[in-house]
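Have a look at the structure, then read on.

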There are 2 protein chains.
Amino acid sequence: MRVLGVDPGLTRCGVGVVDGGIGQPLRLVAVGVIRTPVDDDPAQRLFALQTELEQWVERHQPDAVAVERVFAKANIKGIMGTAQASAVPMLAAARRGLPLAMHTPSEVKAAVTGNGRADKAQVTSMVTRILRLDVAPKPADAADALALAICHVWRGGAQDRLAQAVARQRAGVRR
Amino acid sequence: MRVLGVDPGLTRCGVGVVDGGIGQPLRLVAVGVIRTPVDDDPAQRLFALQTELEQWVERHQPDAVAVERVFAKANIKGIMGTAQASAVPMLAAARRGLPLAMHTPSEVKAAVTGNGRADKAQVTSMVTRILRLDVAPKPADAADALALAICHVWRGGAQDRLAQAVARQRAGVRR
């Protein structure tokens, strides 16, 4: 299973691709950050983000897309751009019929570090260990995108196992 | 000048196309609402909105796109979907190199009714009069989209006249 994780943003959009499955080690495929110029028109920035993200999807052909769920918190101005940016991977997934999941930051932190309140350094450190990388992925947006993809493989896997268990039990009941 | 006005939303997205220019009457070209099912996945809804909005753009070939600027206010949950929906006309315009403007609700109300705090009934009533329609456009989202397009023609026209005046003055200074 190949997962594309996207930490949406107009200034820096983290992108990470991970291969993996339940009971097998995860593998880094690619990681990076898509940047768009702060001085550009918001619509131009969205379009530039879309153009680059589409290239990532075409190049790596993921089986699923995981996007960080955006919350309206302190920075209301920034949140609008982030919400608009999150539409880009959502559209990319829907256009191809790829399954898409939105994970909250605390779900991602809990999945990767065991602590839903872990800080950025802890997330980066665990991502580096889980993927057995020689160098920690930078910037934090890139590490977050990988953490999203890892979270998705593990949560998706758990859901699959649950579904399999339910299916097995139903099959048992019918017998 | 043909303007496509878009009042973004996932449940109801108002769309209105108006022809016009400074010193000539405005003309309704088309008006409608794009709806997506509330029970569908948000990414599916965004994609369905994009598919329909692209058809509007292809069919009517606007010279400019005007989108309502989304603000984070009371309904934080709804605002995320609206912000993501607003990415769709922004991408449609940027992809084609069409000028795009974001107008706030009070700018639109002020342009159309002379009162930045006008209510929906007043906006609909003025849109109906300005476009000399026999029947008021419904629902309110459709009337809002037309109001956006009207606002854009008039504000754009004023900016153009200012730019022309500045250009004329500069030309005069050089002589």
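Q: Leaving out residues up to four places away in sequence, which residues does A:Glu68 touch?
A: Keep in mind that this is a predicted model. A:Glu68 sits in strand S4 of chain A, residues 64-68, and the UniProt entry, an unreviewed one, puts a "binding site" annotation on A:Glu68. With residues up to four places away in sequence set aside, the partners are A:Val6, A:Asp7, A:Pro8, A:Met102, A:His103, A:Pro105 and A:Leu148.

Q: How much area is buried between chain B and chain A?
A: Interface size is often quoted as the accessible area lost when the parts come together. Here 22 residues from chain B and 22 residues from chain A take part in the contact. Carbon and sulfur atoms give 76% of the buried area, which is about 2,000 Å².

Q: Which residues of chain B lose the most area to chain A?
A: Three residues of chain B together account for 26% of what that side buries. They are B:Met80, B:Met90 and B:Leu91.

Q: Which element gives the largest share of the side of chain B that touches chain A?
A: Two elements of chain B give two or more residues to that side: helix H1 (42-60) and helix H2 (76-96). By class, the side has 17 nonpolar, 4 polar and 1 charged residues. The largest share, 12 residues, comes from H2(B).

Q: How many residue pairs are in polar contact between chain B and chain A?
A: Salt bridges across this interface come to 0. For polar contacts, counting pairs with both residues at pLDDT 80 or more, the number is 4.

Methods. Residues are numbered from 1 along each chain as its sequence is written. Chains are lettered from A and ligands numbered from 1 in the order in which they are written. This is a predicted model: local features need pLDDT of at least 70, side-chain atom pairs count only at pLDDT 80 or more; totals for chains, interfaces and linings use all residues. Side-chain values use heavy atoms; hydrogens and water are left out. Contact means heavy atoms within 4.5 Å. Buried area is the accessible area (1.4 Å probe) that two parts lose on being put together, summed over both. A salt bridge is a side-chain nitrogen of Lys or Arg within 4 Å of a carboxyl oxygen of Asp or Glu. A polar contact is a pair of N or O atoms within 3.5 Å; within protein, one must be able to donate a hydrogen and the other to accept it, and residues adjacent in sequence count only if both atoms are side-chain atoms. Helices (H or I, at least four residues) and strands (E, at least two) are DSSP runs, numbered from the N terminus. Ala, Val, Leu, Ile, Met, Phe, Trp, Tyr, Cys and Pro count as nonpolar, Asp, Glu, Lys and Arg as charged, and the others, Gly among them, as polar. UniProt positions are given in the numbering used here, feature names are shortened, and annotations may be inferred rather than shown by experiment.
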